[in-house]
Amino acid sequence: MLNKFTWHFQKISEIKDKDSFNVKEFHRVCVDSFGIERDWDSENITKFRQSTLLGKLLDQTEELCGIAYYSVPEKELENSYLLWENGICIVKKAQHLGLSNIAIEKAKLLFPEGIFGWFGGKSQNPKIFLRYQKLGKTFPFEQLYATPEGQTLMTFLVENIEELKYLSISGKLNLSSGICTDDYSQYLGDYSISLKGAESFENHLKKLGFNRPGGDSVVVIVKLENITHSTDKET
C-alpha cells in the first residue's frame, strides 16, 4: 500500500509561479484530511507563500493525495537548523501509513545531511504530539519552555517563524507554556484525544490550562535524535 504514494518536494523559491497554486485541489485535500468543512484557503496559502519547501503526495494515477509545506529559517539554532511544519494534510485513504514521517525525511533531503537539529510545529492534535515525541526530546512535554534552554528556543521561534511572531504580538502566545489561546475556532479535525500514550502530555497540558474546545493550540518542538535520511520505512 505504501508504495502507491510518493512525496515530491521542491524549494518554493524554485517554483516559477507561486500564484499558480491550485486552491481548489488544496481545499479538497484539507477537507478530506481533517473531515470537516472549513475555509482555510487564505490562511494556508499565506503560510505556503511564507514557506521554504512544498511537498505534494501523489498516488499512482498522479492524483494529489497530500500537501506538506515547511519553513527553514536562515538563522542557526545551536549550530544546526530548524525544520518548521507550517502544515500537512493527507487524505484519509493515505493515512496511517507513516507518510507524514516520510515527508519530513524527503524534505530534509533537499539540504546537506545533518543540517537539521530541530523540528516542530503548532497543533492541538494528540496524534501529532505522539508523532513528534518519537523523533526526540520535546518541548513543552519533556522540557519546559520556562527553562533557560526553552526560553532561548522560544525567542528564536518568535523572531524567525512568521505565524508565531504574529501570535506573540497579538498576545495569544504564552512564551512560558507554548500555548496559543483561541488559535482555531474549534477542534481542528475529527481526531480522537483518547490515544494510547497520550495521557502524560494531556495531563501536562491540562495543568497549563490548555483549552482545546476553545481553539487552543500548542507549539511543540523536537530536539532531534538519531537524525537519518531513510525514506523506505515508517520512522
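Contact here means heavy atoms within 4.5 Å.

## Basis of the description

The model is predicted: local features need pLDDT of at least 70, side-chain atom pairs count only at pLDDT 80 or more, and totals for chains, interfaces and linings use all residues. Residues are numbered from 1 along each chain as its sequence is written, and side-chain values use heavy atoms, with hydrogens and water left out.

## Surroundings of aspartate 183

Not counting residues up to four places away in sequence, aspartate 183 touches Lys122, Leu167, Gly215, Asp216 and Ser217. Its side chain is joined to that of lysine 122 by a polar contact of 2.6 Å. A polar contact is a pair of N or O atoms within 3.5 Å; within protein, one must be able to donate a hydrogen and the other to accept it, and residues adjacent in sequence count only if both atoms are side-chain atoms.

Aspartate 183 lies in the loop between β7 (179-180) and α7 (199-207); helices (H or I, at least four residues) and strands (E, at least two) are DSSP runs, numbered from the N terminus. With a relative accessible area of 18%, aspartate 183 is buried. Buried means under 20% relative accessible area, exposed over 50%, and partly exposed in between (1.4 Å probe, protein chains only).

## Strand β2 and its partners

Strand β2 (residues 53-58) has 5 of its 6 residues buried. It pairs with strand β1 (residues 6-11) in the antiparallel sense over 6 bridges, where two strands pair if DSSP finds at least two bridges between them. Lysine 56 in β2 is the bridge partner of histidine 8.

Strands β2 and β3 also run antiparallel, joined by 6 bridges, and leucine 58 stands opposite leucine 64 in β3. These two strands form a hairpin with 5 residues between them, and glutamate 62 in the turn has a positive phi of about 70°.

## Helix α4

Helix α4 (residues 126-133) is mostly covered, with 6 of its 8 residues buried: Pro126, Ile128, Phe129, Leu130, Arg131 and Tyr132. The elements covering these buried residues include β4 (81-90), α3 (99-108), β5 (116-123), β6 (136-139), α7 and β8 (217-224). At the start of α4, a side-chain oxygen of asparagine 125 reaches to within 2.9 Å of the backbone nitrogen of lysine 127.

## Aromatic pairs

The structure holds 11 aromatic pairs. Rings of Phe, Tyr and Trp (its six-membered ring) pair if their centres lie within 6.5 Å; planes under 30 degrees apart count as stacked, over 60 as edge-to-face and the rest as tilted. Phenylalanine 26 and tyrosine 69 form a tilted pair, 6.2 Å centre to centre with 50° between the planes. Phenylalanine 26 lies in helix α1 (residues 23-34) and tyrosine 69 in strand β3 (residues 64-71), so the pair ties together parts that are 43 residues apart in sequence. The relative accessible area is 0% for phenylalanine 26 and 1% for tyrosine 69.

The ring centres of phenylalanine 111 and phenylalanine 116 are 5.3 Å apart and their planes stand at 75°, so this pair is edge-to-face. Both of these phenylalanines are buried. Ring pairs also link Trp7, Phe9, Tyr70, Phe119 and Tyr132 into a cluster.

## Nonpolar cores

The largest nonpolar core has 52 residues, and those with the most contacts inside it are Trp7, Tyr70, Leu83 and Leu99. Such a core is a set of buried Ala, Val, Leu, Ile, Met, Phe, Trp, Tyr and Cys residues joined through side-chain atoms within 4.5 Å. Strand β3 supplies the largest share of this core, 6 residues. A second, separate core of 18 residues includes Trp118, Phe139, Leu153 and Phe156.
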